Amino acid sequence: MDSVIIIGMKHSGKSSLGKGLANNLSLPFFDTDEIIENQTGIKVRELFVKQGESSFKKAEFEACKYLLEKKQNYENFVISTGGRIRDNLESVEVSKQIGKFILLEVPENICLERILRNSKKTGSLPGYISRENPKSLEDIQQIFHQFYERRMKSYKKITDFSFSPHPEASKQENVANFVKFVKNIFML
């Protein structure tokens, strides 16, 4: 078995499915955003906004190198990545040495619904939406649609396998289905 690297849109379930898979297979779980925050001492979004994309990419690359080094201590593990990894070819190349990319394919409307629900809790939209200064829900939908299309296209370029969590299933059902999916891929 290779390590499992989970990619997908924000709020697609990367962390919950990743943690569920790791628990089921008794594997360590790592989140690249958490590693970046631990290594830099700054929140990922703040790092990107204050220090720019190049600083973020460097920090992400360092997080991926850290995980490649961890591969010496653990045979396999589960990784949840930040959404921008597909734009960081150095990080992708290092990650490909660690394991296989599994894309969580969540429908656009479900991702947007989750983002809007989260924005009500936090009081802010993701940066890629807010910097466009949307004036209405329709503006937000249009911005997100374009973003979703671009990002999914780029995810598919690095994806080894795709999994579609069922939007109406419980978290536990989706974790169980994801575990079956991964076991089938790796013939466990």
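The structure is a predicted model, in which local features need pLDDT of at least 70 and side-chain atom pairs count only at pLDDT 80 or more, while totals for chains, interfaces and linings use all residues. Residues are numbered from 1 along each chain as its sequence is written, and side-chain values use heavy atoms, with hydrogens and water left out.

**The chain as a whole**

Let us start with the secondary structure: the chain has eight helices and five strands. Here helices (H or I, at least four residues) and strands (E, at least two) are DSSP runs, numbered from the N terminus. Read from that end, the order of elements is β-α-β-α-α-β-α-β-α-α-α-β-α.

The radius of gyration is 16 Å, which agrees with the value near 16 Å for a compact globule of 188 residues; this radius is taken over C-alpha atoms, and the globule rule is 2.2 Å times the number of residues to the power 0.38. Along the principal axes, the C-alpha atoms fill a box of roughly 50 × 40 × 30 Å.

Of the 188 residues, 46% count as buried, where buried means under 20% relative accessible area, exposed over 50% and partly exposed in between (1.4 Å probe, protein chains only). Among contacts with a separation of 6 or more, 76% come from residues 24 or more positions apart; a contact means heavy atoms within 4.5 Å.

| Residue | Loop | Relative accessible area |
|---|---|---|
| Ser12 | between strand E1 (3-8) and helix H1 (14-25) | 3% |
| Val106 | between strand E4 (99-104) and helix H5 (108-122) | 4% |

What does Ser12 touch, leaving aside its neighbours within four places in sequence? Ser12 is in contact with Leu104, Val106, Arg114 and Pro165. Its side chain also has a polar atom 2.7 Å from the backbone oxygen of Met9, and a polar contact is a pair of N or O atoms within 3.5 Å (within protein, one must be able to donate a hydrogen and the other to accept it, and residues adjacent in sequence count only if both atoms are side-chain atoms).

Val106 and His11 are 95 residues apart along the chain, and their C-alpha atoms are separated by 9.1 Å.
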